[in-house]
Amino acid sequence: MEFSPETRIGDIAAHHPLATRVFARHGIDYCCGGGVPLAQACERRHLEVGAIVSEIEATLAQHTSEEQHWLEAPLADLVTHIVDTYHKPLREELPRLEEMAFKVARVHGERRPEIALDALAETVSGLVHELEGHMRREEESLFPQLLDSSDKATPTAFVDEHEEAGRALEKIRQLTGEFQVPEGACNTWRALWHGLADLERSMHEHVHLENNILFPRAMG
Ligand SMILES: [Fe+2]
Ligand SMILES: [Fe+2]
């Protein structure tokens, strides 16, 4: 999809998820405020719309060349890339996020009832355990199966789990108020919000590589 300064922010974000990195970098609200054209959103933030358009285009172009690489590289290299770049760091990060979510809920939950910290901790915890099992099953059974050319089945269960994780991430985005750190938040709270925003970003890339490149290539 082509976009211009007149395109609505929400439409750009929907068609080019990577553009949201540029929006986030410049504090452009692409969710609730997504109904306005890019030019108007830039004006509000005193940003030069031409510079933002170039930045989005550069981000998308860089991604396209990476994507092209993974469409052609040996499948085993792609699997190694997914495990090293996403699974391994997640294994370390997920328990940390869960611990911080419960800690923030315990320490601040009562004084900040307007922020649903308990619900957030429960949602984070659920997602953490789902993902840990999911990645283990990918590494122990799905990936070896995909690399073995004789024994293949479309991994619909995994695609469904990706969707479920996507819904949990969407809920986390809502519960954290779009990852905007609340006034007076302590360091753990800040680190939690930052870590959750990062989790969303990395999961979008990770799932995209699996759903749209690895699975179709392995089935191909
Ligand atoms: Fe994965
Ligand atoms: Fe996955």
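Tutor: At 1.5 Å a residue, the 31 residues of helix 6 (residues 117-147) should span 45 Å, and the 42 Å between its end C-alpha atoms agrees with that; the expected span is 1.5 Å times one less than the number of residues, and helices are DSSP runs of H or I with at least four residues, numbered from the N terminus. This is a predicted model, in which local features need pLDDT of at least 70 and side-chain atom pairs count only at pLDDT 80 or more, while totals for chains, interfaces and linings use all residues. Residues are numbered from 1 along each chain as its sequence is written, and chains are lettered from A and ligands numbered from 1 in the order in which they are written.

Helix 6 bends by about 45° at Glu138, the bend being the angle between axes fitted to the seven residues ending there and the seven starting there. The axes of helix 6 and helix 7 come within 10 Å and cross at roughly 155° (lines fitted to C-alpha atoms over the stretch in contact, with angles from 0 to 180 degrees between N-to-C directions), and the two helices are therefore roughly antiparallel, a term for angles over 145 degrees.

Glu138 also belongs to the contact with helix 7, as do Leu131, His134 and Leu142, among others in helix 6, and the residues they meet in helix 7 include Phe158, Ala165 and Leu175; contact requires C-beta atoms, placed from the backbone, within 7 Å.

Methods. Parallel < 35°, antiparallel > 145°, perpendicular 65-115°, else oblique. Contact = placed C-beta atoms within 7 Å.
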